[in-house]
Amino acid sequence: MFNKDIITAFEQKETPFFYYDLDLLQATLKSAQGAANAFDFHIHYAMKANFNERVLTVIQQTGIGADCVSGNEVLKAIEIGFAPKDIVFAGVGKADKEILNALDHNISAFNVESVQELSVIADLAKASGKIAKVALRINPNVDAQTHKYITTGLDENKFGIKTWELSACLDVIKENKSIELIGIHFHVGSQIVDMNVFKSLCVKVNEFNSWFDERGYRLKILNVGGGLGVNYNEPDKESIVDFRKYFEIFDHFLERKAGQEVHFELGRALVSQCSSLISKVLYVKNGIKKNFLILDAGMTELMRPALYQAYHKIESLKAIEKKDRSNTSDFTHYDVVGPICESTDCFGKEVELPLSKRGDLIAIRTVGAYGEVMASKYNLRDEIRYVYSDEL
Ligand code: LLP
């Protein structure tokens, strides 16, 4: 991802910053769109993964839709240029003003997460003289085999409608002309790398699809959510996910009835690899048991390691030019940490890196998804800085 010219350009910039490789973003989107088109599948980009304006603009231009989880995300999507017919609004706790705002913009669907929410949407739509299109988010109790903090489709999770509540949903739908049932929606978790999880999901979707069909509801949309994982260990080996392999599973295992569309809400798989967090070594601290590299980036820029014990590859940009590792004494192990007053502010433990010094550039890879969007102002840190590949 980094050549000598890029590294020289980085040296002139104030760190830390998020570097965006817009060519890689374009290539990833093209690959995802191409694979989806082959099966006549539709993608909505899960905006929560990254709502950087330049990233959103590139995505909007490809014709992919937007999956939003707050009223502000809906407004942002519209501001960027996504057509309301391509916007869906999900989220376990939609406030009245967010619902009204989305109704006002005639978005394509609300992904509804409870019987009570369904009634509230029906009432608000009626009061606004609108018909709200709804998809029911069902909790299918499928284990995503991922970190427990990013698992969403189990009975113990707060997300989705429990299967025994579906009849009550149909009662609300029958009673209210202000809502129209257009589909069912699922999302079982994130960073899923075991493709069997998606097979199990398909089996469940088929069961629910038939359940509705038997009751006289031919659903227009089967929305299977997102969750496709990426390669954090070797970002350069697999900079673009194998979208075809992923979509093939749904093509093979999902039983579409006549006229049904299949929708996906991918976030991470579209944007992860196009960004790295570039930081400088502030201090090198040699302890008795540990050596520390103290960076100028911290958990305030990238929260994932502190929050989920997530792994991100850490590279010294000095090492990119120094490929000869025959002299192992040039390398050592460091705990790579940030400057924030928290012990969890650590990007990686015992990371093997070339002997480093103050001022060396360090890249933390695969941060395009759930990176800058989860940044915080803790310790009154600077605003996030960005560098885009077309500016270098
Ligand atoms: N659809 C729904 C309903 C979701 O809740 C999510 C993510 C997605 C789609 C997109 O999932 P993706 O394709 O990106 O896996 N902050 C965590 C991830 C939280 C995911 C939340 N939901 C992390 O950094 O790993």
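Two strands pair if DSSP finds at least two bridges between them. Strands (E, at least two residues) and helices (H or I, at least four) are DSSP runs, numbered from the N terminus.

This is a predicted model: local features need pLDDT of at least 70, side-chain atom pairs count only at pLDDT 80 or more, and totals for chains, interfaces and linings use all residues. Residues are numbered from 1 along each chain as its sequence is written, and side-chain values use heavy atoms, with hydrogens and water left out.

**Stop 1: the barrel.** Eight strands close into a barrel here, in the order 2-3-4-5-6-7-8-9, with parallel pairing.

Now pick residues 87-89 and 109-112. These are strand 4 and strand 5, parallel and joined by two bridges. Click valine 88: its bridge partner in strand 5 is alanine 109.

**Stop 2: helix 2.** Select residues 22-38. This helix has 17 residues and reaches 24 Å from first C-alpha to last, close to the 24 Å expected at 1.5 Å a residue (1.5 Å times one less than the number of residues).

Go to its start. A side-chain oxygen of aspartate 21 comes to within 3.1 Å of the backbone nitrogen of aspartate 23. After the helix comes aspartate 40, with a positive phi near 60°.

**Stop 3: its two faces.** Colour by burial (buried is under 20% relative accessible area, exposed over 50%, partly exposed in between; 1.4 Å probe, protein chains only). Buried residues of helix 2 include Leu22, Leu25, Leu29 and Ala36. Down the helix 2 axis, the buried residues fall within an arc of 165°, so they line one face (the arc is that of directions from the axis to the C-beta atoms). The face turned away carries exposed Asp23, Lys30 and Asn37.

Terms used
A polar contact is a pair of N or O atoms within 3.5 Å; within protein, one must be able to donate a hydrogen and the other to accept it, and residues adjacent in sequence count only if both atoms are side-chain atoms.
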